[in-house]
Amino acid sequence: MSHTICLIPGDGIGPEVTRAARRVMDAACPGIDWIELPAGAAAAAEFGDVLPERTIEAIEEHRLALKGPLTTPVGHGFASVNVRLRKHFNLYAAVRPVRSMPGIRTRYEDVDLVVIRENTEGLYSGLEHEVVPGVVESLKIATRAGCERIARFAFRYARERGRRKVTVFHKANIMKLSDGLFLDCARSMHAALASEVEFEERIIDNGCMQLVRDPAQFDVLLLENLYGDVVSDLCAGLVGGLGVVPGSNIGDDCAVFEAVHGSAPDIAGKNLANPLALIMSGVMLLNHIGESRSAERIKAAYDAVLARENPAERTRDIGGRATTEAFTDAILRRL
Ligand code: NAI
């Protein structure tokens, strides 16, 4: 079956890792029709717009994208294009599986958890202003509809995939209304939808401490937007870093797949980036569109390459000396 996928190379290491993911996906699943689209700082330089209209229109039409990272300037400049895309297409659930991989040595051996992050509300609403000089206000938005929607998604996800437990991280002891609402919706969705799935609550500071002490106790984590962002990177650190954690942004009728990592300006253009996180995001995409055989083949190929623990077949961030291309070639040979 043929599929049309919008491909956003993005900024920094984005073009390198999207090229790698595309090569691997084309080899495993021939017949993908790719539409390459501009977005991010690179698009601003070339087209005068960080999110050109034709990018929005193509995603509107095809409802499926694989996206490289997009740079967002710190403390000034344009608003995050990632946040704009998530809001525009109502991609309310970020799903980020984090698991120990064969041949990637870390402090932990048995991590297998999924971070589910609310993707459209919280402090990412972008509602900030200066009240008087020297005093700024940043609004954290939580709606019952938004909190119920992500809690419903998390419990359905857990039930459908046979996961044993959902843990909600919150700070409802301090943010009694906003995090209180998030927690309340998680409790009621658990009771209504998935009483057979275990449910736990953790105040987020304690939750983070427990994550680094004993990550295997966790299964699915449910978090509001900012907490989900921070905890995703923390979890990446448990299994080998940002080079090995994929992700998806899911809405009711549109999905954008991307790695958790950013544009990594420190290594951009040097052929050093680990393409695996984006290749794994491609595997999630293929599963999403029913191409699970191709997805399985890619997964088996990179698992086999990693299991050999050959430094010539893995990038620097996971203990090797391979370039982005050499690592990709090794995966392609295994396919
Ligand atoms: P980052 O994730 O780009 O980099 C953090 C560290 O991890 C760097 O040392 C980098 O070299 C390393 N790293 C990241 N991905 C890697 C990979 N695939 N292979 C090997 N090493 C890798 O985070 P940072 O530096 O905080 O952000 C840089 C830019 O990326 C910012 O403009 C930020 O806004 C943007 N960003 C974009 C995201 C997206 O498009 N979804 C997500 C996170 C950040």
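Which backbone oxygen does the side chain of asparagine 119 reach at 3.1 Å? It is the backbone oxygen of leucine 91. Before going further, a word on the model: this is a predicted structure, in which local features need pLDDT of at least 70, side-chain atom pairs count only at pLDDT 80 or more, and totals for chains, interfaces and linings use all residues. Residues are numbered from 1 along each chain as its sequence is written, and side-chain values use heavy atoms, with hydrogens and water left out.

Back to asparagine 119, which sits in the loop between strand E5 (112-118) and strand E6 (128-132). Helices (H or I, at least four residues) and strands (E, at least two) are DSSP runs, numbered from the N terminus. Asparagine 119 has 3% relative accessibility and counts as buried; with a 1.4 Å probe and protein chains only, buried means under 20% relative accessible area, exposed means over 50%, and partly exposed lies in between. Its side chain also pairs up with the side chain of asparagine 249, in a polar contact of 2.8 Å. A polar contact here is a pair of N or O atoms within 3.5 Å; within protein, one must be able to donate a hydrogen and the other to accept it, and residues adjacent in sequence count only if both atoms are side-chain atoms. Setting aside neighbours within four places in sequence, asparagine 119 is in contact with Arg86, Leu91, Tyr92, Ala93, Ala94, Asn225 and Asn249, where contact means heavy atoms within 4.5 Å.

Now for the overall layout. The protein chain is assigned a domain 1 (1-92 + 244-335) and a domain 2 (107-239), with bounds that come from an automatic or database domain assignment. Taken over C-alpha atoms, the centres of domain 1 and domain 2 are 25 Å apart. Eleven residues from domain 1 and 14 residues from domain 2 take part in the contact.

The size of an interface is often given as the accessible area lost when the parts come together. For domain 1 and domain 2 the buried area is about 1,100 Å², with 59% of it on carbon and sulfur atoms; buried area is the accessible area (1.4 Å probe) that two parts lose on being put together, summed over both. On the domain 1 side, Arg86, Lys87 and Tyr92 lose the most area to domain 2, together making up 54% of what that side buries.

What about polar links between the domains? Six residue pairs are in polar contact between domain 1 and domain 2, both residues being at pLDDT 80 or more. Helix H4 (81-88) and strand E11 (248-250) are the elements that give two or more residues to the side of domain 1 that touches domain 2. H4 gives the most to that side, with three residues. Sorted by class, that side of domain 1 has seven nonpolar, two polar and two charged residues; Ala, Val, Leu, Ile, Met, Phe, Trp, Tyr, Cys and Pro count as nonpolar, Asp, Glu, Lys and Arg as charged, and the others, Gly among them, as polar.

The rule asks for a side-chain nitrogen of Lys or Arg within 4 Å of a carboxyl oxygen of Asp or Glu. One of these salt bridges joins aspartate 219 and arginine 163 at 2.6 Å, N to O. Aspartate 219 lies in the loop between helix H7 (204-213) and strand E10 (220-223), and arginine 163 in the loop between helix H5 (144-160) and strand E8 (165-170), so the pair ties together parts that are 56 residues apart in sequence. Aspartate 219 is buried at 4% relative accessibility, and arginine 163 is buried too, at 17%.

Glutamate 200 is buried at 15%, and lysine 165 is buried at 5%.Glutamate 201 forms a salt bridge with arginine 187, the closest N and O atoms being 2.7 Å apart. Here the link runs from strand E9 to helix H6 (residues 178-193), with the two residues 14 apart. Glutamate 201 is partly exposed at 33% relative accessible area, and arginine 187 is partly exposed at 41%.
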